[in-house]
Amino acid sequence: MTAAVPLEAVLVVAGALFCIGLFGALSRRNLVGVLMGVELMLNAVNINLVAFWRYLEPRFITGQTFAIFIICVAAAEAAVGLAMVIAIYRNWLTVNADAVDSLKG
Amino acid sequence: MATVIQIIFGLIAALVVGAAVMVVTVRNVIHAALWLIACFFGVGALYLLLEAEFLAVVQVLVYVGAISILILFAIMLTRQVTGEGVRQLVGGWRLWLTAAISALLFAVAIVPTVISHSWNLPAPPGPPGTPEPLAGVAELGRAFVYEFLLQFQVAGVLLTVALIGAIVIAFEERARRRRVLTLAEEHELRKRLAQPPPVEAPVGEPAPAPRATPISEGEVQQ
């Protein structure tokens, strides 16, 4: 793997995934769509960490440990975020991110 | 061998990027969630190709098995406003600004940096053919109970707090639970909401847009 595919190729794929996720998080009107974009961005970060581990420090385990902690935090974020989406839907009858603006000055 | 790996990597990269593009552009949110599952599978396959087997299994278990199902449930619980005909992306200049920011970040910042930076790749060990020293699942488990013990415990506490928080946020008391209205009640409610212009809504008109104000408790309940 390390001989056949250069590190740059993996990093470019991860960068593309991150930018697509950023676009989704910023342009979706649906709150669930925004969360999907955030999940894509977290996945891109994980690909980066695993690629750096595999190419640069294959004999230490730190890169994979980081990736597992990020997966853990992403799971917590998804659970709390989706619970908030459901709570917002219950009170406002909408999941449009533009319509929920009670805190807007 | 190298060509096979390159072809596999190209297919996986195409799957990941293509599925991600579908996630952010497709109109139906359910379809977006299904494309998200495909994208997670692609990322898991990429981990497998990078020889991180445990992470690939964790990716399939956590992302494909748990987070996707959570997202699908959230979509179905908010079904009335996530249907087919609803506009899903922001409109006009905001869409173009967002697309420009993402494309410029990729083309101007990420790719030139990645290409031009000289990575400090370690030298291949010995003559060609010798296996590379590679940390596996055993080292991972040992790292979790020795080096990263504190972080491991903190992650456990974080997951517990997130679990409790999600339940507290999404919990609905029985007394406040909004029951499904009958047709007559809904008609009555609509008439009351459309009071300021006293004109009766025509029959074929779609339901009024949801109001962006909290619904008080006594309004809907009988």
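This is a predicted model: local features need pLDDT of at least 70, side-chain atom pairs count only at pLDDT 80 or more; totals for chains, interfaces and linings use all residues.
Helices are DSSP runs of at least four residues, numbered from the N terminus. On this basis B:Ile167 is assigned to helix H6 of chain B, which spans residues 149-170.

Chain B contains eight helices and zero strands. Read along the sequence, its elements follow the pattern α-α-α-α-α-α-α-α. Of the 222 residues in chain B, 29% are buried. The accessible surface of this chain amounts to about 14,400 Å², with 71% of that area belonging to carbon and sulfur atoms. Among the contacts in chain B with a separation of 6 or more, 55% are accounted for by residues 24 or more positions apart.

Chain A is likewise described by its helices, with three helices and zero strands. From the N terminus on, the elements run α-α-α. For contacts in chain A with a separation of 6 or more, residues 24 or more positions apart account for 62%.

The interface between the chains was examined next. Chain B and chain A bury about 7,600 Å² between them, and 75% of this buried area lies on carbon and sulfur atoms. The contact draws 92 residues from chain B and 73 residues from chain A. Eight residue pairs in polar contact, with both residues at pLDDT 80 or more, are found across the interface of chain B and chain A. On the side of chain B that touches chain A, the elements that give two or more residues are helix H1 (2-25), H2, H3, H4, helix H5 (137-145) and H6 of chain B.

Two salt bridges are counted between chain B and chain A. A search of the whole structure, over all chains, also returns two salt bridges. In one of these, the side chains of A:Arg54 and B:Glu51 meet with an N to O distance of 2.8 Å. A:Arg54 lies in helix H2 (residues 31-56) of chain A, whereas B:Glu51 lies in the loop between helix H2 (29-49) and helix H3 (53-77) of chain B, so the pair joins two chains.

B:Arg94 is partly exposed, with a relative accessible area of 35%. A:Asp98 is partly exposed as well, with a relative accessible area of 36%.

B:Glu51, the partner of A:Arg54 in a salt bridge, has a positive phi of about 65 degrees although it is not a glycine. The position of B:Glu51 is in the loop between H2 and H3 of chain B. In chain A, A:Leu93 has a positive phi of about 60 degrees and is likewise not a glycine. A:Leu93 is placed in the segment after H3 of chain A, and its relative accessibility of 28% makes it partly exposed.

A nonpolar patch was identified on the surface of chain B. The patch covers about 550 Å² and is made by B:Leu163, B:Ile164, B:Ile167, B:Val168 and B:Phe171. Among these residues, B:Ile167 lies in helix H6 of chain B. B:Ile167 counts as exposed because its relative accessibility is 52%, over the 50% cut-off.

Conventions: Residues are numbered from 1 along each chain as its sequence is written. Chains are lettered from A and ligands numbered from 1 in the order in which they are written. Side-chain values use heavy atoms; hydrogens and water are left out. A salt bridge is a side-chain nitrogen of Lys or Arg within 4 Å of a carboxyl oxygen of Asp or Glu. Buried means under 20% relative accessible area, exposed over 50%, partly exposed in between (1.4 Å probe, protein chains only). Patches are made of residues with over 30% relative accessible area and no salt bridge: like charges are joined within 9 Å, nonpolar side chains (Val, Leu, Ile, Met, Phe, Trp, Tyr) within 5 Å. Accessible areas come from the Shrake-Rupley method with a 1.4 Å probe; for residues, only the protein chains shown count as cover. Contact means heavy atoms within 4.5 Å. Buried area is the accessible area (1.4 Å probe) that two parts lose on being put together, summed over both. A polar contact is a pair of N or O atoms within 3.5 Å; within protein, one must be able to donate a hydrogen and the other to accept it, and residues adjacent in sequence count only if both atoms are side-chain atoms.
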